[in-house]
Amino acid sequence: MLRQAWRWSVFRNTTAGTIRSLAAAFLGADCPLRSSGGPTRGFEDIPNPLSVKSQRFLQPQPARYLSLSVFISMASGGDHPSSNHHKHTNRLAQERSPYLLQHAHNPVDWYPWGQEAFEKAKREDKPIFLSDREERPDVDKVYMTFVQATSGGGGWPMSVWLTPNLQPFIGGTYFPPRDQGRRPGFKTVLMRIIEQWQYNRATLESSGQRIIDALKKGTTITANPGESPPLAPDVANRCFQQLAHSYEEEYGGFRDAPKFPSPVNLMFLMCYWSANRRTSEGVEALQMAMHTLRMMALGGIHDHVAQGFHRYSTDSSWHVPHFEKMLYDQAQLAVAYITAFQVSGEQLYADVAKDILLYVSRDLSDKSGGFYSAEDADSVPVSGGLEKREGAFCVWTASEVRELLPDVVEGAVGAATLADIFMHHYGVKEQGNVAPEQDPHGELQGKNVLIVCYSVELTAAHFGIAVEKVNELMTSARARMAEVRKIRPQPHLDTKMLASWNGLMLSAFARVGAVLGNEAMVERAVQAGYFLKEHLWDPDQQNILRSCYRGDQMEVQQISPPICGFLDDYAFIISGLLDLYEATFETEWLQWAEELQIRQDVLFWDDQGGGYFCSDPNDVTVLLRLKEDQDGAEPSANSVSASNLLRLSHFTGRQEWLHKSQQLLAAFSDRLTRIPIALPEMVRALMAQHYTLRQIVICGQKDALDTASLQAAVNSCFLPFKVLMHTDGNPESFLCQHLPVLSSMTQLDGSATAYVCQDFTCSLPVTEPQELRQLLLDTTNPLETA
């Protein structure tokens with residue numbers, strides 16, 4: 001594990017060794033704490049960007065506890081179904097989280113994370129069992145750090161045992177129900193912990209305290225006084241080399257199998273190309289990004305019938321996915337694909353971006369304007385039965401395809417039917433197209449996961465018909481199949497609405513809509529902005545709220561008391577608001593972004609060491625003050641904040657935010673210098689600092705066509721180091737009040753006029769969109785002008 005590798009030098013000679021020895025004593029000297037081998041879908045190890053070892057992934061799950069005869073139990077979160085027909089009901093029935101509600105009738109006395117469980121554990125003097133993650137990522141980060149340091153790795157589901165004072169003393173990942181060879185079963189682990197708690201408790205408690213003390217030292221991320229960020233070109237070059245080393249050339253991506261979309265890597269590579277486009281490394285970086293995006297779009301990880309992307313691929317060719325769909329993947333991939341369109345002009349990438357947002361609009365959108373979190377991988381198969389199966393909603397048998405698409409295609413070779421052409425193009429086989437090694441539980445036997453096997457041109461040539469005809473046929477076939485999918489048993493929908501993930505999707509709709517000039521998409525982004533302000537912002541306390549939920553009557557509900565937002569909630573929303581301003585030129589979004597950044601600084605900024613803590617450092621129930629140090633499935637909040645601070649310093653003239661961004665980057669200097677592949681999003685922010693953001697100022701009436709034309713010219717270009725702002729000449733406007741220099745910028749001959757500036761030293765003004773585009777393309781290489 002990457003973070004484990006960073007910290008080994010710290011922990012090697014500390015009490016981590018003692019804890020590992022103690023764990024071995026509990027479980028047997030040869031019993032590893034980590035378990036669950038094989039290619040099973042649904043278990044998530046923390047990804048190591050430097051490794052291509054087997055790792056399995058799972059949707060984030062709840063922080064909760066288990067109750068046995070000597071254990072207190074806990075969870076996090078919702079919608080509670082009636083317990084009248086259930087043998088067991090626990091406290092999770094009072095939660096609102098759809099995930100937690102799935103466990104409300106376990107024969108386990110789960111508690112949500114909170115004072116009720118803490119006090120019971122102290123009162124009854126019992127240890128606590130903590131399992132998984134959901135609404136408290138801050139809690140998860142603390143105990144996952146412990147698991148990584150003491151068991152040699154980490155992942156989910158996570159299993160940790162705590163003292164009543166919340167200090168961990170043993171932890172691991174998944175334990176099977178019964179012993180499996182050298183792997184202890186869950187019951188064995190429990191019995192040995194009970195024994196140690198009764199007869200060796202003092203050692204447990206003192207070891208727990210020592211490991212927490214060691215972790216506090218080992219996880220510190222801080223800048224030395226006067227320290228500057230590392231040199232951006234050196235860091236970017238090293239990040240590129242590390243990504244190139246892990247790149248898989250045939251199908252793209254950064255490992256053999258399983259493969260993950262990794263949008264943070266793809267965005268870095270396109271940014272790196274922009275800064276190095278005349279070098280062989282820059283060209284290689286662009287090729288890596290474009291090829292990966294193309295192969296994902298053609299693969300089975302992309303839902304060709306109902307749009308959107310599945311969580312990851314279990315094989316190296318993007319064919320057989322883990323079928324779960326996550327909101328944060330859709331958001332980041334939409335941005336990556338629209339960026340690829342800006343770079344290349346190739347319509348495929350724009351189509352995929354639109355395709356993703358179509359899925360989100362249809363299946364993950366609440367009428368309030370918010371976005372739901374996820375769609376499950378499992379569902380009841382069409383053939384019936386109560387047992388859910390992975391991918392049942394998405395896969396097809398050859399006979400289903402033939403029955404649905406029987407039409408003979410006029411002019412096709414051999415009187416081919418629509419089914420023949422479709423099956424050829426999408427790799428449908430009579431016996432199914434999923435290899436047994438990709439289907440360990442036999443759930444996909446005889447089924448087909450659609451994957452584009454041939455270009456439209458090759459399919460057209462094979463059947464002797466026109467390319468345009470093939471496109472029409474495939475569109476018609478997919479539409480028919482989508483209608484059939486609608487009547488299949490639906491996968492469970494996680495209708496929890498998280499502030500952070502909604503912030504990511506706000507960015508996606510704003511950016512894709514702006515690039516494509518799609519007013520409906522931009523309007524959907526505006527709706528999301530108002531949703532965040534109405535339902536996930538407490539104006540009285542001036543706090544973002546972490547989450548809200550869809551109620552029984554489709555209303556938006558909150559838990560009481562609500563969970564206050566964490567760093568990623570603020571950072572992702574601020575980034576989305578800045579993108580929304582650039583898409584709409586409505587300064588209310590810019591103004592709110594400024595307010596949120598001020599609040600984020602108050603809540604999370606580390607005055608001593610620079611950078612932001614992940615959660616409120618004053619929360620005494622969270623034992624470690626952590627700063628996330630990895631851009632993974634989502635970018636880290638510190639990485640996004642580094643960019644937000646820089647952008648806001650240009651929008652507002654607040655130099656203290658420029659300095660904060662520099663302090664933040666300096667705090668992460670060690671990570672950026674040694675393992676930049678762990679923080680590709682932060683490397684982008686470092687590059688933006690180095691090359692200096694250009695200000696593109698459009699002067700004109702906000703709703704005028706000539707203003708919109710200049711805005712569209714800017715949005716047609718990939719400009720990773722820029723801010724876009726608008727002024728109508730009103731000295732009382734928000735921007736002019738912050739940036740008085742804007743008042744001196746005027747329209748030429750009454751036409752909307754653009755200025756391209758650096759530190760507000762500007763080029764000659766232009767009024768023609770094509771002239772502006774050319775100016776931006778001519779000066780977009782920062783190496784030539786820095």
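Trainee: Why is Cys-762 called partly exposed?

Mentor: In this predicted model, Cys-762 has a relative accessible area of 31%. Buried requires a value under 20% and exposed a value over 50%. The 31% of Cys-762 falls in between, and therefore the residue is termed partly exposed.

Trainee: What makes Cys-757 buried?

Mentor: The relative accessibility of Cys-757 is 1%. Buried means under 20%, so Cys-757 belongs in that class.

Trainee: How do you know that Cys-757 and Cys-762 form a disulfide?

Mentor: Their sulfur atoms lie 2.0 Å apart. The cut-off for the sulfur pair is 2.5 Å, and the pair is within it, so the contact is assigned as a disulfide. A disulfide is a covalent bond between the sulfur atoms of two cysteines. A search of the whole structure finds one disulfide.

Trainee: Why is the disulfide of Cys-757 and Cys-762 given its particular handedness?

Mentor: The torsion about its S-S bond is about 95 degrees, so the disulfide is right-handed.

Trainee: How are Cys-239 and Cys-614 classed, buried or exposed?

Mentor: Cys-239 has a relative accessibility of 0% and counts as buried. Cys-614 is also buried, with a relative accessible area of 10%. Each value is under 20%, which is the reason for the class.

Trainee: Let us turn to the charged side chains. Why is the contact of Glu-124 and Lys-120 called a salt bridge?

Mentor: The N to O distance between the two side chains is 2.6 Å. The limit is 4 Å between a side-chain nitrogen of Lys or Arg and a carboxyl oxygen of Asp or Glu, so the pair meets the criterion. Both residues lie in helix H4 (residues 115–124), four residues apart, about one turn of the helix. Glu-124 is partly exposed at 32% relative accessibility, whereas Lys-120 is buried at 17%.

Trainee: What makes the pair of Arg-136 and Asp-619 a salt bridge, and where in the chain are the two residues?

Mentor: The side chains of Arg-136 and Asp-619 meet at 3.3 Å, N to O; the limit is 4 Å, so the pair qualifies. The pair links distant parts of the chain, 483 residues apart. Arg-136 sits in the loop between strand S4 (128–131) and helix H5 (137–151), and Asp-619 in the loop between helix H20 (587–604) and helix H21 (637–652). Arg-136 is buried, with a relative accessible area of 13%, while Asp-619 is partly exposed at 26%.

Trainee: How do you know that Arg-674 forms a salt bridge with Asp-670?

Mentor: The closest N and O atoms of this pair are 3.0 Å apart. That distance is within 4 Å, so the term applies. Both residues belong to helix H23 (residues 669–674), with a separation of four residues, about one turn of the helix. Arg-674 has a relative accessible area of 41% and Asp-670 one of 35%; both values lie between 20% and 50%, so both residues are partly exposed.

Trainee: How many salt bridges does the structure hold, and which residues are linked in a network?

Mentor: The structure holds 36 salt bridges. Asp-579, Glu-582, Arg-647 and Lys-722 are linked in a network of them.

Trainee: Lys-722 also belongs to strand S21. Why is S21 described as mostly covered?

Mentor: Six of the six residues in S21 (residues 722–727) are buried. On one side stand Lys-722, Leu-724 and His-726, and on the other Val-723, Met-725 and Thr-727, all of them buried. In a regular strand the side chains alternate between the two faces of the sheet.

Trainee: What makes S20 and S21 a pair of strands?

Mentor: DSSP must find at least two bridges between the strands; S20 (residues 694–699) and S21 have six, in the parallel sense, so they pair. Gln-695 stands opposite Val-723 in S21. From S20 the chain crosses through helix H25 (residues 705–715) to S21, and this β-α-β crossover is right-handed.

Technical notes:
Residues are numbered from 1 along each chain as its sequence is written. This is a predicted model: local features need pLDDT of at least 70, side-chain atom pairs count only at pLDDT 80 or more; totals for chains, interfaces and linings use all residues. Side-chain values use heavy atoms; hydrogens and water are left out. Buried means under 20% relative accessible area, exposed over 50%, partly exposed in between (1.4 Å probe, protein chains only). A crossover is right-handed if, with the strands pointing away from the viewer, the path from the first strand over the helix to the second runs clockwise.
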